[in-house]
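Please keep the sequence and the model in view while reading.

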Amino acid sequence: MKLLLSIAFVICWSSGFIGAKLGAGSASAITILMWRFLPLAVILIVVATVSGTAWRGLTVRDVARQAMIGVLSQSGYLLTVYYAIQLGVSSGTTALIDGVQPLVAGALAGPLLRQYVSRKQWIGLCLGVSGATIVTMADAAAGTGAAWWAYLIPFLGMFSLVAATFLESRSHVRVAPAVSLTVHCATSAVIFTALAVSAGAAKPPAELSFWAAITWLVALSTFGGYGLYWLILRRSGVTKVNTLMFLMAPVTAVWGTLMFGEPFGPHTAVGLAVGLAAVVIVHRGDTSSTKVCARDTGTGEPARPAKYGA
């Protein structure tokens with residue numbers, strides 16, 4: 001059962017990069033993002049109004065904190081991912097850069113959260129960055145049409161996710177997944193609607209492909225990927241669910257090759273293999289990386305790193 005959930009999670013999460021590519025041909029990034037989150041936010045708010053049990057005990061400050069996490073983990077992250085793909089960066093490369101996030105978070109956990117990072121995990125970090133570099137250079141050399149600076153944009157999104165991870169890790173209040181999803185989606189809906197309206201890009205195109213991409217993103221990426229993330233997190237823990245994030249790159253690269261004819265040469269294969277090796281090393285080298293000093297949380301319990309995204 002755990003294996004099936006893990007496979008479903010990887011497929012659903014990686015579908016977000018493919019959905020972004022599907023919609024990029026018919027509309028701008030902010031138009032896609034606006035219509036991905038606006039209807040979804042309305043539905044979630046209605047559901048939250050009818051069933052408000054999970055919201056009991058939460059203060060305005062708690063909700064505001066979740067809104068800020070949503071700005072970083074959804075709005076900032078997704079805008080950079082979609083923009084990079086729109087500029088011509090392949091979906092596989094974007095996914096691989098995103099997949100480095102858990103390793104970067106692990107490297108920063110020591111100075112910021114007093115979490116122990118083992119020597120093997122440092123090796124995994126170096127391998128993960130090396131894999132991302134190899135694939136990025138291979139993608140750039142393949143003549144995808146993307147400018148050199150376009151490859152820096154996914155890194156901005158990745159660091160936005162890292163910031164959201166540490167902001168959530170410092171929280172003393174456990175927030176139900178349904179609450180955090182509603183707040184994050186509502187925040188993203190407001191931000192992307194404001195951006196789309198100000199840019200004159202709020203009107204959706206009439207093409208069927210656009211609405212197919214929106215349906216794909218809401219069903220597979222948001223409910224599938226995001227929902228399965230929380231389910232696996234509760235059943236298996238942070239380390240295992242974050243390790244699965246490194247499998248998004250090869251899966252997305254295969255999808256991109258089959259659906260869009262994106263280049264998948266020897267250098268890309270080597271880079272992905274290096275990234276997978278990083279997964280194994282980080283997973284085996286994880287001894288006490290999720291332990292945090294009790295005085296850092298003020299509750300006597302370890303803080304809870306989190307990962308959000310596509």
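The bend at a residue is the angle between axes fitted to the seven residues ending there and the seven starting there, and by this definition α3 bends by about 35 degrees at valine 71. The model is a predicted one, in which local features need pLDDT of at least 70, side-chain atom pairs count only at pLDDT 80 or more, and totals for chains, interfaces and linings use all residues. Residues are numbered from 1 along each chain as its sequence is written, and side-chain values use heavy atoms, with hydrogens and water left out.

**Fold of the chain**
- The protein chain has 13 helices and zero strands, helices (H or I, at least four residues) and strands (E, at least two) being DSSP runs numbered from the N terminus.
- Of the 310 residues in the protein chain, 53% are buried, where buried means under 20% relative accessible area, exposed over 50% and partly exposed in between, with a 1.4 Å probe and protein chains only.
- Among contacts (heavy atoms within 4.5 Å) with a separation of 6 or more, 90% join residues 24 or more positions apart.

**Helix α3**
- Glycine 88, with a positive phi near 115 degrees, follows α3.

**Helix α1**
- Leucine 4 lies in helix α1, residues 2-24, and is exposed, with a relative accessible area of 57%.
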